[in-house]
Amino acid sequence: MNFEINMHTNTIAVIRLYGELDHHATEKIRDQISRTILQGSLRTIIWNLEKLNFMDSSGIGLILGRMRELRAVNGQTIILNPSNTMKKIFQFSGLSSFMMDGKEQDAIMHARVIVNG
């Protein structure tokens, strides 16, 4: 499991996940992402799942936990380009309204519109 966190301004982070996201990988990622949220004025996380091949329930927990942390600062979450299987999982988890297909730049623009009105 590999991942990248790229900051777009200090309010939007794009997190790209690659490969397989299981319990062991989520433990490695969770702390770093939480630290990024707590460090400053982060208001949006865009989870780019385009190159994620597999995710178990701990991956859902990772995203849900960071959503809770963002809610504390009136933040938002966008789940970008999940596979068809992941879409079903997110729908069953009540997260379908957070899903989006498209380019990262489109998701960033969408996040800016929501934050800035």
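Author: The buried residues of α2 pack against β2 (12–21), α1 (23–38), β3 (44–55), β4 (76–80) and α3 (84–92). Helices (H or I, at least four residues) and strands (E, at least two) are DSSP runs, numbered from the N terminus. This is a predicted model, where local features need pLDDT of at least 70, side-chain atom pairs count only at pLDDT 80 or more, and totals for chains, interfaces and linings use all residues. Residues are numbered from 1 along each chain as its sequence is written, and side-chain values use heavy atoms, with hydrogens and water left out.

Reader: ok, which residues of α2 are buried?

Author: They are S58, G59, I60, L62, I63, G65, R66, M67 and L70. Buried means under 20% relative accessible area, exposed over 50%, and partly exposed in between (1.4 Å probe, protein chains only).

Reader: And how many residues does α2 have?

Author: Helix α2 covers residues 57–71, which is 15 residues. From first C-alpha to last it reaches 21 Å, close to the 21 Å expected at 1.5 Å a residue. That expected span is 1.5 Å times one less than the number of residues.

Reader: At what angle do α1 and α2 pack?

Author: About 10°, with the axes 10 Å apart. Axes are lines fitted to C-alpha atoms, for helices over the stretch in contact, and angles run from 0 to 180 degrees between N-to-C directions. The two helices are therefore roughly parallel to each other (under 35 degrees; over 145 is roughly antiparallel, 65 to 115 roughly perpendicular and the rest oblique).

Reader: Which residues of α1 meet α2?

Author: H23, T26, I29, R30, I33, S34 and I37 in α1 meet S58, G59, L62, R66, E69 and L70 in α2. The residues of this contact divide into five nonpolar, five polar and three charged. Ala, Val, Leu, Ile, Met, Phe, Trp, Tyr, Cys and Pro count as nonpolar, Asp, Glu, Lys and Arg as charged, and the others, Gly among them, as polar.

Reader: New topic. Is T77 buried or exposed?

Author: T77, which is found in strand β4, counts as buried at 5% relative accessibility.

Reader: What does T77 touch?

Author: Not counting residues up to four places away in sequence, T77 touches I45, W47, I63, M67, L70 and F98. Contact means heavy atoms within 4.5 Å.

Reader: And where is I15?

Author: I15 is in strand β2 and is buried, with a relative accessible area of 1%. Leaving aside neighbours within four places in sequence, I15 is in contact with E4, I5, I33, I45, I46, W47 and N48.
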